[in-house]
Amino acid sequence: MSDNSPDHTPQWAMVIDLAKCVGCDTCTVSCKAENRTPPGVSYNVVLEMELGEFPNVQRYNVPRPCMQCDNPPCVQVCPVSATYKLDNGIVAIDHDRCIGCRYCITACPYGARSFDFGEDYSGEMLGFNDVQAPEYGVDRGPRRRALAPKGTVRKCTFCFHRLERGEEPACVETCIGDARYFGDLNDPNSVVSQLAKSPRAFRLKEELGTGPRVIYLN
Amino acid sequence: MTHPNSAAIREAALRPLDGAGAGFWALLTGLSLITAWGLAAWGYQLVHGLHVTGLSDRIFWGTYETNLVTFIGLSYGGAVVSAILRLTGAEWRSPITRLAEATALVTLLIGAVFPVIHLGRPERLWEMFTRPNLSSPLVWDLIAVMTYLFATMVFLYLPLIPDLAAAREEYAARGGPRWRVRLYDRLSLGWSDAPQQKRLLEWGVGVMSVLIIPLAVTVHSVLSWAFALTVREGWHSTIYAPYFVIAALYSGVAAVILVVAAFRRAYRLQAFIETRHFRYLGFLMLTLGLTYLYFTFSEYLTEGYANTRASVEVLGLLLQYRFAPLFWSFVVGGVLLPVALVAVPRTRTAAGVTSAAALVVAAMWLKRFLIVVPAEALSLMPGGLAAYRPSWVEVSITIGAAAAIPLLLMLFFRVFPVLAVWEMEHGGVQGVPARGDD
């Protein structure tokens with residue numbers, strides 16, 4: 001990040017090298033731990049994709065965070081404008097405004113959004129309800145309180161609260177194969193900018209015109 | 001046949017307002033208990049959150065969306081039977097217009113509750129009004145349903161005014177009960193059968209008959225767009241708006257037949273609502289049913305013949321695999337059997353047409369379920385099929401809502417006349433001369 005002037009807004013993006021992903025699901029686990037997501041909610045999952053037909057089959061593990069699309073189909077359908085694109089490119093949800101209609105889940109072509117049905121891990125782990133992740137930098141107190149995002153739609157935030165502290169998203173930091181890169185697309189010298197120009201680079205469902213901010217290398 | 005005279009119509013319309021037998025109270029109690037159980041289940045869901053439903057992060061729209069589309073669809077019968085038949089001067093409709101219009105209002109009221117039941121945070125519904133995002137199809141839904149609801153109320157109310165005046169006179173002459181005289185007096189807005197009033201009323205009903213049709217078409221078109229505007233295979237289809245509208249008309253006419261049959265029996269209206277009414281409504285239902293089958297065929301042929309992977313998967317689910325028993329039940333029980341019941345002269349009786357209508361209403365719920373759920377069951381990303389089974393909460397709320405429809409209609413027709421007396425006496429609001437049909 002070379003440009004440190006105060007008016008510079010980074011354009012966050014992620015590059016995932018599929019050749020380096022071993023499919024260990026560490027990103028999924030660290031994401032759940034970092035964001036303390038309830039049962040049924042996973043911001044990041046690792047999908048298994050098969051290309052070709054037997055015997056010429058290639059199998060990929062495809063980690064899928066939110067694509068933070070530049071033209072997000074989820075944003076235009078929200079009836080109360082509770083989800084929107086931030087200046088830094090992250091698609092955010094206002095959990096104090098979301099009415100829980102789940103229309104954005106329908107609209108997302110990547111299955112990247114999930115609904116917080118209100119369950120918790122209280123039978124399985126201690127203290128789950130005592131602390132919530134400070135998503136978007138908002139302290140929401142214990143999960144049993146009204147401020148909890150229960151009954152609203154949840155999604156990957158690129159660990160916005162960690163970015164504000166100058167840290168990388170949890171999935172990037174914990175990836176055992178260093179398959180994930182994170183940085184600023186506005187900075188032409190950043191690793192993500194360089195890798196985005198690679199001939200190996202592609203994006204998921206590019207034909208839909210959503211403009212994903214998550215770039216894959218195959 | 002001879003047309004019943006004014007006194008007989010008045011008597012038949014106003015008599016049921018007087019007293020109710022044990023049957024009425026028994027049915028009222030039964031339906032109230034079922035509705036209360038549904039409300040209790042909703043309360044349980046409000047307290048515990050939506051995880052008491054069978055929904056998951058993959059199948060996140062289910063029974064409540066099915067109910068929303070189904071119940072609002074039932075309200076279309078009122079629009080067709082009343083408005084279209086009124087505009088085309090079909091004289092036979094006048095004894096059933098009131099029943100049809102009341103059915104429209106009640107089913108619409110019940111249907112309009114389901115978007116609220118399905119919300120994760122229903123207490124924030126007001127945000128739809130305070131900061132609506134006009135690019136969202138759900139906001140269009142809200143606007144369309146609210147407008148249609150208002151229009152349905154006006155459409156029911158206008159032709160009711162002279163009848164309320166008649167009821168006012170009747171009860172004033174009898175000297176009570178006081179609340180009835182006061183209610184009818186307020187609501188009849190000083191109707192005195194003056195020529196000026198008649199002209200205004202006829203104009204108003206005429207305008208509403210024209211207006212209600214595009215409004216009704218708008219509601220189901222917009223409902224369909226909530227699905228069709230997404231990129232999901234099985235939903236993303238240009239035929240969806242007319243497909244939904246035809247479905248709504250089909251089930252709506254069936255709902256009117258059921259209500260007409262029930263009140264004809266309970267209120268002993270056989271002299272006014274004859275077998276021919278069932279026959280005509282049956283033919284209307286038959287036409288709409290075959291149209292719906294044609295739309296279904298056209299939709300699936302277009303999807304299936306292209307042979308893309310996703311469309312073949314959706315169609316396979318419907319026609320061959322998991323949802324096939326439900327789908328073929330719909331085709332046989334929801335279209336072929338009802339059409340046969342109406343088409344064969346031997347079964348084209350009041351009972352036969354009513355049975356056909358009951359099949360249609362049930363099967364059209366199933367069809368809406370098959371529109372909402374299978375498209376979600378398929379994964380958009382690599383992954384398996386998702387499963388969905390409605391929980392007892394969803395089932396209870398659905399049954400409670402279904403019971404609330406006859407309950408509200410029973411209560412409504414204890415207070416308001418069941419026959420459109422004024423229209424029957426005046427040979428139609430449009431001034432179309434009565435025809436000596438049959």
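**Figure 1. Burial and overall dimensions of chain A.** Of the 218 residues in chain A, 42% count as buried. The model is predicted. Chain A has a radius of gyration of 17 Å, which agrees with the value near 17 Å for a compact globule, because that is what 218 residues would give. Along the principal axes, the C-alpha atoms of chain A fill a box of roughly 50 × 50 × 35 Å. Chain A holds six helices and 10 strands. Take the contacts in chain A between residues at least 6 apart in sequence: 60% of them join residues at least 24 apart.

**Figure 2. An open four-stranded sheet in chain A.** The strand order is E8-E1-E10-E9 in chain A, and the pairing is mixed. Strand E8 (180–184) and strand E9 (201–202) of chain A are the edge strands. Each of these pairs on one side only.

**Figure 3. Close-up of E9(A) against E10(A).** Strand E10 of chain A spans residues 214–217. Two bridges join E9(A) to E10(A), and the two strands run antiparallel. A:Phe202 has A:Tyr216 in E10(A) as its bridge partner.

**Figure 4. The contact between chain A and chain B.** Chain A gives 34 residues to the contact, and chain B gives 30 residues. On the side of chain A that touches chain B, the elements giving two or more residues are strand E2 (45–51), helix H2 (73–77), helix H3 (103–107) and strand E6 (113–115) of chain A. H3(A) supplies the largest share of this side, four residues. By class, this side of chain A has 18 nonpolar, 10 polar and six charged residues.

Conventions: Residues numbered from 1 in each chain as written. Chains lettered and ligands numbered in written order. Predicted model: local features only at pLDDT ≥ 70, side-chain atom pairs only at ≥ 80, totals over all residues. Pairing = 2+ DSSP bridges. Contact = placed C-beta atoms within 7 Å. Nonpolar A, V, L, I, M, F, W, Y, C, P; charged D, E, K, R; others polar. Rg over C-alpha atoms; globule rule 2.2 N^0.38 Å. Buried ≥ 20, exposed ≤ 12 C-beta atoms within 10 Å, placed from the backbone.
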